[in-house]
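Please work through the following exercises with the sequence and the model at hand. Each one sets a task and then gives a solution that goes step by step.

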Amino acid sequence: MADLSLLQEDLPEDADGFGLDDCSSESDVIVAPSALDFVSQDDMLTPLGRLDKYAASENVFNRQMVARSLLDTLREVCDDERECVAVLERISRLADDSEPTVRAELMEQVPHIALFCQENRPAIPYAFSKYLLPIVVRYLADQNNQVRKTSQAALLALLEQELIERFDVETKVCPVLVDLTAPDSNDDVKTEAVAIMCKMAPMVGKDITERLILPRFCEMCCDCRMFHVRKVCAANFGDICSVVGQQATEEMLLPRFFQLCSDNVWGVRKACAECFMAVSCATCQEIRRTKLSALFINLISDPSRWVRQAAFQSLGPFISTFANPSSSGQYFKEENKSSEDTSVEDKNSSERTRGADAPEDIEARPTGGDSSVHLEEALADGAETPSELSAPAESSSPHRSSPEPPPDAAGSEEEQEACACRLASQPEAGTGAQDSAPLDQEQYNSFHFWRTPLPEIDLDVELEQGSGSEPSPQGLDVEPEVPAPGPASITMATRKELEEMIENLEPHIDDPDVKAQVDVLAAALRASSLDAGDEASEAARRVPQDELPSCRLDHDASGPLISEEQTVDSALHSMHNGSDAGPGNGFSPEEERRAKVQDVVPQALLDQYLSMTDPSRAQTVDTEIAKHCAYSLPGVALTLGRQNWHCLRETYETLASDMQWKVRRTLAFSIHELAVILGDQLTAADLVPIFNGFLKDLDEVRIGVLKHLHDFLKLLHIDKRREYLYQLQEFLVTDNSRNWRFRAELAEQLILLLELYSPRDVYDYLRPIALNLCADKVSSVRWISYKLVSEMVRKLHRAAPPTFGADLIQELVESFGRCPRWSGRQAFVFVCQTVIEDDCLPMDQFAVQLMPHLLTLANDRVPNVRVLLAKTLRQTLLEKEHFLTSASCHQEAVEQTIMALQMDRDSDVKYFASTHPASTRISEDALSTASSTY
């Protein structure tokens, strides 16, 4: 109770005893009580007496100090169970204090008191459950914000330390939190209670969460009055899903998540986008592919820029959840299912979902949404992969995927209002779901095409030229049984439908995805008006079937649209290549599109991820979007597998040449991980050129390559690896000469690189760099370099012809042992010390090759060199068994040198030559004897 002894005591003012006006003479002595009097009075009180005295004080400061000193009081009376219970009872009375600062101070001490009670449980049984926990729970609804915040932090700390019994959690904590989230509860208290429930769910486990927390959490997700509550639920949705597991997530939480993703408040939708990966991890692969992917496309196409920004940041992590956990991570293979079976199942599930909610769909869909959905269905019918079939089925409205209706009418109205607002941007989502927007935009960009406009192109001539050229290698993969589409298949109804779709998309023309779709539709419309007639039919007959672009004809309204679009793509591609493309070099648009098609993730997600490198995204979404794309690219590549690397190759090259050095730096730090994913062949073909570019980049980028230089080079073939020997010298040159950490990292990497190269390569290329680093101006770089040189001595000595090792030792003697500068001679002693400590040389070899030159430094004129020599001989060399057991001339020479150092004129040299200090490691020696850092 040291703190209580110095507290202020409330004493009544006595005018007779302390008034100065009553002094009648100078002889009267005024005696005022001092702090020592109070100390003596408090020492006479028992700990409980002092506690009662100051707890009843009217001074707020005194009561605060009482709360702060409760733990000390308990420690004083811990031997007496009755007094411990008495202290706990006084804590309960102190909890009723009217001053918020006293209650907050008390709550800060509760976790410490609870831990003390747990450690002394035999003496104070059930102390926490009976006295402390009710205070914590009651303060959760306190009127003062500071008290509530303190109690929330205390509750989480108690749960984290497992100081609350499971029974108390079920009977005392959870019921109170559920009551605080009642509809008639205070708004702030309700929001905070929901946050506490979400945070405590991982601590209390799955059983309690499902029984006591999950039902109320689902209700709070549909709170129509307060968006703050819905926002808190959305922000913690992933944590709840991870606790309750897959079944509860799919049955109870996913419908609420769909509602939150279509909320009319953008902050709620943004929170959903941020936790999307955690939600996806708690669902099965089928739901992830058929429902969540379409829902995520809607978030990417959200009207709010902040929602789109959060969605694009979560896109890479969300794609990574499609990785097959049963495989090695390099390949994807659906077990017991072919791609056709998967596509049929995805399509059927999409149709079932679409048909089950048809009335709500028709009622809530705007006018412009019909044509967009027709386009999506048409593209889905023409898709050839299951990923293309999965996205459009659910992309029209996120909440329609919920198997159960909204809980109340108010929520339904709010949901429909949000749905109408979200569907206004549906053409954008449809574009991302089926069309490769950046690819189409590049094909139809007028900047790339200098020939006459499209309506004036004779498609027959282009097809005729294409048929006369030598077939390209990609043409071998085209389906030969598909007939060539003709312009006559475009009916008047189809042209009218195209015009309506273009008209509906015009208001959103500012978005790059919508603009790309408008360009596609406009080109198809113009192509449909061409009077090709019989010439087109003859040209189609003249062209061999294996040279036509692959397309699938259906007899519904969507078939002609798909076929004509592919025909226009083919014509534009031949016009774009022109005379520059030789035979066999051309890629049709269909082939280019196929090059980015895979079956691991929904194609719409991959298309949106690839569009993150579009410069327009930086203006419309986030200036850092390219950095987010680069950060998640290894995870996406791991998910797709090396067999689908062709989908990401162009994007990776674009990021590697990005103008922002932060983007290139991100890639440089992860290129070694990507090399592991791709394997040696793809690494040599696609990553090595980019790696070479990073080597010549800014220091901020080069450091990423340098930190993992060994990890990358060990994956290359030995011949390719040797090419980098010539470039290692370039790392010694930096943009800023004071960037010594760059050189220190180089020394550490060179130690690892020794195992990758032959002794001749080490001697010819790594040795000059190591010796250069040993003479660096910064001591930290030199210490690492001493280790590098010692490891180099070990490797070269063990080589078949030991001449390299002998030559290196001789160079060390000449360059450092006989260096005119004392720092060089000191470096020689450091190297010898490291060689001895790490056993880089047998002691008999060391005694012959290095020790004679080392002993000559006993007469060095600089004391620093002699001090380090005395340490090395006394603490390192003489501790080796070779010098302890065998009596030889070498041992004699060492002892004579030590005796000479013991009589040195410098006191420090005498000390280290005579005693055995505790530390013998090189780092401490360097700290005590090295010069300043620079």
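The structure is a predicted model, in which local features need pLDDT of at least 70 and side-chain atom pairs count only at pLDDT 80 or more, while totals for chains, interfaces and linings use all residues. Residues are numbered from 1 along each chain as its sequence is written, and side-chain values use heavy atoms, with hydrogens and water left out.

**Exercise 1. The whole chain**

Find how many helices and strands there are in the chain, and what percentage of the residues is buried.

Solution. Helices (H or I, at least four residues) and strands (E, at least two) are taken as DSSP runs and numbered from the N terminus. Counted in this way, the chain has 52 helices and 0 strands. For burial, a residue is buried under 20% relative accessible area, exposed over 50% and partly exposed in between, with a 1.4 Å probe and protein chains only. Of the 934 residues in the chain, 53% are buried. The last step concerns contacts, meaning heavy atoms within 4.5 Å: among those between residues at least 6 apart in sequence, 75% join residues at least 24 apart.

**Exercise 2. Helix 7 and helix 8**

Determine at what angle helix 7 and helix 8 cross, and which residues make the contact.

Solution. Axes are lines fitted to C-alpha atoms, for helices over the stretch in contact, and angles run from 0 to 180 degrees between N-to-C directions. The axes of helix 7 (residues 100-119) and helix 8 (residues 127-139) cross at roughly 150 degrees and come within 11 Å. Helix 7 is therefore roughly antiparallel to helix 8, given that angles under 35 degrees count as roughly parallel, over 145 as roughly antiparallel, 65 to 115 as roughly perpendicular and the rest as oblique. Their crossing is left-handed, a term used if the near helix is turned anticlockwise from the far one by less than a right angle, with right-handed used if clockwise. On the side of helix 7 the contact is made by R103, L106, M107, V110, I113, A114 and C117, and on the side of helix 8 by A127, F128, L132, I135, V136 and Y139. These residues divide into 12 nonpolar, no polar and 1 charged, where Ala, Val, Leu, Ile, Met, Phe, Trp, Tyr, Cys and Pro count as nonpolar, Asp, Glu, Lys and Arg as charged, and the others, Gly among them, as polar.

**Exercise 3. Helix 12, helix 13 and the cysteines**

Solution. In their contact, F217, M220 and C221 of helix 12 meet V229, R230 and C233 of helix 13. A disulfide is a pair of cysteine sulfur atoms within 2.5 Å. By the disulfide rule the count comes to 0. C233 is itself buried, with a relative accessible area of 0%.

**Exercise 4. Positive phi in loops**

Give the phi of E162 and of D839, and decide whether each is buried, exposed or partly exposed.

Solution. Most residues other than glycine have a negative phi. E162, although not a glycine, has a positive phi of about 55 degrees. E162 lies in the loop between helix 9 (145-160) and helix 10 (166-180) and counts as exposed at 68% relative accessibility. For D839, also a residue other than glycine, phi is positive and near 55 degrees. D839 lies in the loop between helix 45 (822-837) and helix 46 (843-849), and at 43% relative accessibility counts as partly exposed.
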